[in-house]
Amino acid sequence: MNSIVSPNITLRTPERGDGAALHNLVAECPPLDENSLYCNLLQATHFADTCIAAEQAGHLVGFISAYLVPGRPETLFVWQVAVGPRARGQGLATRMLDGLLGRPRCRGVTHLETTVTASNEASWALFEGFARKHGAPLLRSTLFDRDADFDGAHDSEILARIGPLAAVAA
């Protein structure tokens, strides 16, 4: 188990038992899209090497689900960043991103990508701050369009591409 201890919060590799807790955590973090419990179980098992869990007093308080983009192993795609109410305001999301990029599986990562809706100010602040911290540009483009891709049922998802990143210490 890969772990880092930081003010009463342990960052670690997800485990099978985190699936249900992740499902509940995402429900506490609007406007995140809720996935099926089965999807969350896969994130905590099949994608454990590119996801990170934050635990405090035996409770899951943060989680980043991510994966290496097929055909582009230098790019880590961050699917979701969830920080529960009890852990907000402590810089946990940035610590989780840095912890994840410091993992052996992410050693070759030079770029981070994610999608964010235009109205999600908290996520934009996180990724803009992360780019500044790492001295990397952040480029924006529409990845999935509200009308063309979501049939009007979901806001457009804006791709944020950050990089190249300087090496992140484990």
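A surface patch, as the term is used here, joins residues that have over 30% relative accessible area and no salt bridge, with like charges linked within 9 Å. In this predicted model, Asp145, Asp147, Asp149 and Asp151 form a negative patch of this kind. One of its members, Asp145, sits in the loop that runs between strand E7 (138-144) and strand E8 (157-162).

Turning to the overall fold, the protein contains 4 helices and 8 strands, which follow the order β-β-α-α-β-β-β-α-β-α-β-β from the N terminus. Its radius of gyration is 15 Å, close to the 15 Å given by the globule rule for 170 residues, so the protein is as compact as a globular protein of that length. The C-alpha atoms occupy a box of roughly 45 × 35 × 30 Å along the principal axes, and 46% of the 170 residues are buried.

Charge pairing is also worth a look. The whole structure holds 7 salt bridges. Among them, Lys133 pairs with Asp98, with 2.2 Å between the closest N and O atoms. Lys133 belongs to helix H4 (residues 121-133) and Asp98 to helix H3 (residues 92-101), so this pair ties together parts that are 35 residues apart in sequence. Lys133 is exposed, at 51% relative accessible area, whereas Asp98 is buried, at 13%.

Another salt bridge brings together the side chains of Arg161 and Glu113 (2.7 Å, N to O). Here strand E8 supplies Arg161 and strand E6 (residues 111-116) supplies Glu113, 48 residues apart. Arg161 is partly exposed at 24%, while Glu113 is buried at 5%.

Key:
Residues are numbered from 1 along each chain as its sequence is written. This is a predicted model: local features need pLDDT of at least 70, side-chain atom pairs count only at pLDDT 80 or more; totals for chains, interfaces and linings use all residues. Side-chain values use heavy atoms; hydrogens and water are left out. Patches are made of residues with over 30% relative accessible area and no salt bridge: like charges are joined within 9 Å, nonpolar side chains (Val, Leu, Ile, Met, Phe, Trp, Tyr) within 5 Å. Accessible areas come from the Shrake-Rupley method with a 1.4 Å probe; for residues, only the protein chains shown count as cover. A salt bridge is a side-chain nitrogen of Lys or Arg within 4 Å of a carboxyl oxygen of Asp or Glu. Lys and Arg count as positive and Asp and Glu as negative; His and the chain ends are not counted. The place of a charge is taken as NZ of Lys, CZ of Arg, CG of Asp or CD of Glu. Helices (H or I, at least four residues) and strands (E, at least two) are DSSP runs, numbered from the N terminus. The radius of gyration is taken over C-alpha atoms; the globule rule is 2.2 Å times the number of residues to the power 0.38. Buried means under 20% relative accessible area, exposed over 50%, partly exposed in between (1.4 Å probe, protein chains only).
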